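Subject: Structure handover

Hello,

Here is the structure I promised you. Please open it next to this email and follow along.

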Amino acid sequence: MARTMEPLAKKIFKGVLVAELVGVFGAYGLFNKMHTSQDFRQTMSKKFPFILEVYYKSIEYSGMYGIRQQDQEKWLNSKN
């Protein structure tokens, strides 16, 4: 019985590993897009504000301040 479970366990492990890698690279891609595009951050603020909040907090935690304020100023000026 143990031999028949080994291939199944390997398939499950590979599936979990692939899912985690896709998640990590997807999160990196999203972070990179938000970090390089203020327009994308504005889109995220309208559609997924909680994700944008995580981005701002992670940036501020790393010691980079002022991005949130720059975004808010630009978006406020573009409305006027």
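Below are the notes on its helices, its core and its aromatic rings.

Two points on reading the numbers. This is a predicted model, where local features need pLDDT of at least 70 and side-chain atom pairs count only at pLDDT 80 or more, while totals for chains, interfaces and linings use all residues. Residues are numbered from 1 along each chain as its sequence is written, and side-chain values use heavy atoms, with hydrogens and water left out.

**Helices**

Helices here are DSSP runs of H or I, at least four residues, numbered from the N terminus. Buried means under 20% relative accessible area, exposed means over 50%, and partly exposed lies in between (1.4 Å probe, protein chains only).

Start with H2, residues 38-47. Gln38, Arg41 and Met44 are buried there. They cover an arc of only 110 degrees around the axis, which puts them on the same side of H2. The arc is that of the directions from the helix axis to the C-beta atoms. Lys46 and Lys47 are exposed on the other side of H2.

H3 covers residues 49-61. Its 13 residues should span 18 Å at 1.5 Å a residue, and its end C-alpha atoms are 18 Å apart, which agrees. The expected span is 1.5 Å times one less than the number of residues. Leu52, Tyr55, Tyr56 and Ile59 are the buried residues of H3. Seen down the axis, they fall within an arc of 95 degrees, so they line one face of the helix. The face turned away from that buried side carries exposed Phe50, Val54, Lys57 and Tyr61. After H3 comes Gly63, with a positive phi near 105 degrees.

H4 runs over residues 67-79.

**Core**

The largest nonpolar core has eight residues: Met34, Met44, Leu52, Tyr55, Tyr56, Ile59, Ile67 and Trp75. A nonpolar core is a set of buried Ala, Val, Leu, Ile, Met, Phe, Trp, Tyr and Cys residues joined through side-chain atoms within 4.5 Å. H3 and H4 each supply at least two residues of this core. The largest share, four residues, comes from H3.

Leaving aside neighbours within four places in sequence, Met44 is in contact (heavy atoms within 4.5 Å) with Leu30, Met34, Pro49, Ile51 and Leu52.

**Aromatic rings**

The whole structure holds three aromatic pairs. Rings of Phe, Tyr and Trp (its six-membered ring) pair if their centres lie within 6.5 Å; planes under 30 degrees apart count as stacked, over 60 as edge-to-face and the rest as tilted. Phe48 and Phe50 form an edge-to-face pair, 6.2 Å centre to centre with 90 degrees between the planes. Phe48 is partly exposed at 39%, and Phe50 is exposed at 55%. Tyr55 and Tyr56 form a tilted pair, 5.8 Å centre to centre with 50 degrees between the planes. Tyr55 and Tyr56 are buried. Ring pairs link Phe31, Tyr55 and Tyr56 into a cluster.

Best wishes
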